[in-house]
Amino acid sequence: MTDSHCHLQHAAFDADRAAVLERARAAGIERILVPGWDLASSEAAISLVLDHRDLLDAAVGVHPHHVAVATTEEWRRLAELAAHPAVGAIGEIGLDFFRNLSPPAVQREAFERQLDLAASVGKPVLIHDRDAHEEVTAALLARPHSGRAVRGVLHCFSGDASMALRLADAGYLISFALPVSFSSAHGPRAAVQALRDGTFLVETDAPWLAPGGGGARNEPTTVLRVATELARLRATTPQVVTRQAGSAYRRLLAGRVA
């Protein structure tokens, strides 16, 4: 497979980074999106991408777990990074009412702040949504349409088919990670079957959600397993799934219809 997309947090890279990237290339993975979750990781994502422009793209943002500790100076610096030419998107941003590591009110303010930032620099958003489906959907649908062909991505989608279709119709891509292969993932599995061609991505959410569970290694090649499951659910082939995901990913960063 030569046309797949992986959403990979750069914490998965360690001393054998080159070997990880080489295995990704050998597996046919063409682009990997490396998101930030705070200022330091956002800066690191850009640095990593500058060393591997042939394979990697960067996103910058503050994850809802970390927004409560972000300082005024960090928000200012993040706004500068958002305009960097190596940055293709703003993320990972959103709401997490499962862990509530930041107070919900602080999460909401930071989410709107970063949606505004994305609009100001004309870049799509990478959305984290856990136990916040209704609020995330409402916040995204309330935003004025910027004219972009693709407005953002619902990362590691955990909602249902209705939510996926509403957001896809509004210009958002729906991205699936390994949990979509679990029989208990009723909502995401139904969403896979309901979505139109070209409205989805595949990802790893590395270093989390690895094959084998907690403590196991998660690498970009995990997306091959995700693509295979999507192909089974959509009654097609992995090659078709990866081709469609690759086209959707290019539209995401280019802001145009293929």
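Colleague: Which residues does Gly 152 touch, not counting residues up to four places away in sequence?

Modeller: Gly 152 touches Pro 124, Val 125, Gly 171, Tyr 172, Leu 173 and Leu 252, where contact means heavy atoms within 4.5 Å. This is a predicted model, in which local features need pLDDT of at least 70 and side-chain atom pairs count only at pLDDT 80 or more, while totals for chains, interfaces and linings use all residues. Residues are numbered from 1 along each chain as its sequence is written, and side-chain values use heavy atoms, with hydrogens and water left out.

Colleague: Why is Gly 152 called buried?

Modeller: Buried means under 20% relative accessible area, exposed over 50% and partly exposed in between, with a 1.4 Å probe and protein chains only. Gly 152, which is found in strand β6, has 0% relative accessibility and therefore counts as buried; strands (E, at least two residues) and helices (H or I, at least four) are DSSP runs, numbered from the N terminus.

Colleague: What makes Ser 42 buried or exposed, and where is its place?

Modeller: Ser 42 lies in helix α2, residues 39-51, and its relative accessibility is 0%, so Ser 42 counts as buried. Leaving aside neighbours within four places in sequence, Ser 42 is in contact with Gly 36, Trp 37, Val 60, Gly 61, Leu 78 and Leu 81.

Colleague: Why are Phe 157 and Phe 176 called an aromatic pair, and of which kind?

Modeller: Rings of Phe, Tyr and Trp (its six-membered ring) pair if their centres lie within 6.5 Å, and planes under 30 degrees apart count as stacked, over 60 as edge-to-face and the rest as tilted. Phe 157 and Phe 176 are 6.1 Å apart centre to centre, with 80 degrees between the planes, and the pair is edge-to-face. Phe 157 lies in the loop between β6 (152-154) and α6 (161-169), and Phe 176 in strand β7 (residues 172-176), so the pair ties together parts that are 19 residues apart in sequence. Phe 157 is buried at a relative accessible area of 6%, and Phe 176 counts as buried at 1%.

Colleague: What puts Arg 130 over the face of Phe 98?

Modeller: A charge sits over a ring if NZ of Lys or CZ of Arg is within 6 Å of the ring centre and within 35 degrees of the ring normal. Arg 130 lies over the face of Phe 98, at 3.7 Å from the ring centre.

Colleague: How do you know on which side of α4 the buried residues lie?

Modeller: In α4, the buried residues are Gln 107, Ala 110, Phe 111, Gln 114, Leu 115, Leu 117 and Ala 118. They cover an arc of only 155 degrees around the axis, which puts them on the same side of α4; the arc is that of the directions from the helix axis to the C-beta atoms. The buried residues of α4 pack against α3 (72-82), β4 (87-96), β5 (125-130) and α5 (133-142), whereas the face turned away from the buried side carries the exposed residues Ala 105, Ala 119 and Ser 120.
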